[in-house]
Amino acid sequence: MTEQAFFVLAALADQPRHGYGIVGEVADLSEGRVRLRVGTLYGVLDRLVGDGLAEADREEVLDGRLRRYYRLTRQGRDALAGEAARQAANVRVATKRLRAWRPGPAGGAV
Amino acid sequence: MTELERRYRRVLRLLPASYRQAWEQDMVATFLAGAVPDDPEDAEFTAEYGRPGWAEVVSVLGLAVRLRLGGAGAPAHFRVWGGAMQRAALAVLLVYAVNALAGVRMLLWLPLRFPGLVVLGQSGAAALLGLSWVAAYLALVLGHRQLARLLMGLSLLLSAVTAGAAVVAGGGAYWGSRVAELLVSAFAVVAASAAFHRDAEPVRSRPWLTALPVGAVLVTVVLLLIQHPGDGVLVDGPGLACAALIAAVLFQQITSAAERGGSAGMWPVALVLLTFAALGLRVVTLLDYLTFTARASRPNALVTAAIVEAVVLVLVTGPLAVRAFRTLPRATHPADPRAGSRDA
């Protein structure tokens with residue numbers, strides 16, 4: 001799962017959101033690190049909908065413009081949970097190693 | 001509709017029509033929500049004079065390439081185009097890799113055959129630099145996309161430098177052929193970079209890996225044969241490419257009935273793309289022969305051979321092209337996100 005897909009699924013985890021809402025939520029969740037352009041967002045959304053991980057929730061008309069909301073499917077929730085567990089396991093391993101790390105002598109091999 | 005929206009919709013025309021049908025309204029709404037400021041005066045100005053930024057355009061372009069050269073899970077129409085582009089690019093890169101290996105082999109063989117002969121200078125350097133195509137080809141076949149892109153870019157740059165040096169050394173002769181060869185190289189690099197995208201299906205590596213040594217041996221044999229003292233050489237690179245393509249198209253026509261599965265239709269389209277490249281190269285080299293070999297010993301025979309190769313290639317590939325595009329699956333996009341269009 002790409003980082004972009006991961007964050008889009010995470011953005012949909014608490015409530016259905018429309019496209020612009022997803023862009024803002026992903027920027028918040030990643031602390032501004034992941035800024036989705038519209039072409040990138042819909043490339044990810046298309047793939048998630050095609051794979052059954054997300055689906056359309058409802059459509060609303062705002063200022064004469066159609067807004068489509070997306071929600072996570074059960075399969076999407078499982079995929080996100082699986083990926084989160086995998087990343088958490090990676091973090092645990094790296095953190096454990098970092099705790100054991102001791103700086104070597106300056107300029108030489110450890 | 002504001003000017004900004006009109007401009008953005010123009011950018012979205014890069015996407016396949018079937019995809020736009022499903023997603024365009026939503027993409028426009030999302031884009032405008034982020035592009036138009038809250039302040040009414042600024043909003044009015046942006047709506048009239050604003051343009052989609054480069055980053056937005058590039059993201060749509062990237063999406064268009066991935067969709068039009070689709071990989072696993074993509075509609076059949078785009079999968080065929082993606083697979084065809086992969087095969088056409090790999091075939092061109094294979095030719096460069098084979099030529100590079102054959103060139104180095106000749107470089108090593110000539111001093112053995114003719115003791116005392118030292119092959120150095122421009123031709124020796126060009127032969128060694130050509131090995132970067134071998135590395136690029138192997139990286140692509142083995143699935144190292146980023147490395148392959150880097151090596152292909154480097155190889156293209158080296159080819160441009162050696163071609164430029166050859167044209168300067170030759171006093172400008174055959175510059176058209178050199179430019180045409182570079183354009184074919186550039187086509188292969190762009191096609192490979194686009195077709196081997198993140199979602200692209202990997203190619204079966206074994207046949208492509210086997211083709212490299214087999215092709216190098218075959219080309220070495222041909223090079224040795226045409227260097228044999230005789231009436232002169234009527235076979236050149238574009239001629240060999242035309243002959244190989246004619247053989248491949250005939251083989252494809254014979255075995256097409258047996259073609260089944262996900263890759264059906266990819267090779268015919270790839271062969272048509274390769275025919276365009278080979279024909280372009282053949283025509284430009286032919287024009288160069290007419291310009292620069294007017295006083296050579298056998299210009300008429302050389303020109304006649306080139307014309308015959310081009311005509312036979314067109315006659316053989318024509319029916320294949322008609323069949324390939326008639327049987328191409330229709331462009332549709334199955335993942336329709338509209339509410340109520342899918343089972344909840």
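Biologist: What is B:G71 in contact with, leaving aside its neighbours within four places in sequence?
Modeller: This is a predicted model. In it, B:G71 is in contact with B:G82, B:D199, B:A200 and B:E201, once neighbours within four places in sequence are left aside.

Biologist: How far apart are the C-alpha atoms of B:G71 and B:A200?
Modeller: They are separated by 4.0 Å, although the two residues are 129 residues apart along the chain.

Biologist: Where does B:G71 lie in chain B?
Modeller: In the loop between α4 (54-68) and α5 of chain B.

Biologist: Now the nonpolar core. How many residues has the largest one?
Modeller: The largest nonpolar core has 105 residues. Among those with the most contacts inside it are A:V8, B:A88 and B:A270.

Biologist: Which helix gives the most to this core?
Modeller: Helix α5 (residues 76-113) of chain B, with 18 residues. As background, nonpolar side chains tend to be buried together in soluble globular proteins.

Biologist: And what does B:A88 touch?
Modeller: Not counting residues up to four places away in sequence, B:A88 touches B:A191, B:A270, B:L273 and B:L274.

Biologist: Switching to chain A. How many helices and strands?
Modeller: Chain A has 4 helices and 3 strands. Along the sequence, they come in the pattern α-β-α-α-β-β-α.

Biologist: Is chain A compact or spread out?
Modeller: Chain A is more spread out than a compact globule, because its radius of gyration is 19 Å, well over the 13 Å that the globule rule gives for 110 residues. The C-alpha trace of chain A spans about 65 × 25 × 20 Å along its principal axes.

Biologist: How much of chain A counts as buried?
Modeller: 35% of its 110 residues.

Biologist: What about contacts in chain A between residues 24 or more positions apart?
Modeller: They make up 45% of the chain A contacts with a separation of 6 or more.

Biologist: At what angle do helices α1 and α3 of chain A cross?
Modeller: The axes of α1 (residues 3-11) and α3 (residues 38-50) of chain A cross at roughly 75 degrees and come within 10 Å. The two helices are therefore roughly perpendicular to each other.

Biologist: Which residues make that contact?
Modeller: From α1(A), the residues are A:Q4, A:A5 and A:V8; from α3(A), they are A:T40, A:V44, A:L45 and A:L48. By class, this contact of α1(A) with α3(A) has 5 nonpolar, 2 polar and no charged residues.

Biologist: On to the two chains together. How many residues does each give to the contact?
Modeller: Chain A gives 22 residues and chain B gives 22 residues. On the side of chain A that touches chain B, α3(A) has the largest share, 9 residues. That side of chain A divides into 8 nonpolar, 5 polar and 9 charged residues.

Biologist: How do α2(A) and α2(B) pack?
Modeller: α2(A) and helix α2 (residues 17-35) of chain B pack at an angle of about 50 degrees, with their axes 8 Å apart. They are therefore oblique to each other.

Biologist: Which residues meet there?
Modeller: A:G19, A:Y20 and A:V23 in α2(A) meet B:D26, B:A29, B:T30, B:A33 and B:G34 in α2(B). The contact of α2(A) with α2(B) has 4 nonpolar, 3 polar and 1 charged residues.

Key
Residues are numbered from 1 along each chain as its sequence is written. Chains are lettered from A and ligands numbered from 1 in the order in which they are written. This is a predicted model: local features need pLDDT of at least 70, side-chain atom pairs count only at pLDDT 80 or more; totals for chains, interfaces and linings use all residues. Axes are lines fitted to C-alpha atoms, for helices over the stretch in contact, and angles run from 0 to 180 degrees between N-to-C directions. Angles under 35 degrees count as roughly parallel, over 145 as roughly antiparallel, 65 to 115 as roughly perpendicular and the rest as oblique. Two residues are in contact if their C-beta atoms, placed from the backbone, lie within 7 Å. Ala, Val, Leu, Ile, Met, Phe, Trp, Tyr, Cys and Pro count as nonpolar, Asp, Glu, Lys and Arg as charged, and the others, Gly among them, as polar. A nonpolar core is a set of buried Ala, Val, Leu, Ile, Met, Phe, Trp, Tyr and Cys residues joined through C-beta atoms within 7 Å. A residue is buried if 20 or more other C-beta atoms lie within 10 Å of its own, exposed if 12 or fewer, and partly exposed in between; C-beta atoms are placed from the backbone. The radius of gyration is taken over C-alpha atoms; the globule rule is 2.2 Å times the number of residues to the power 0.38.
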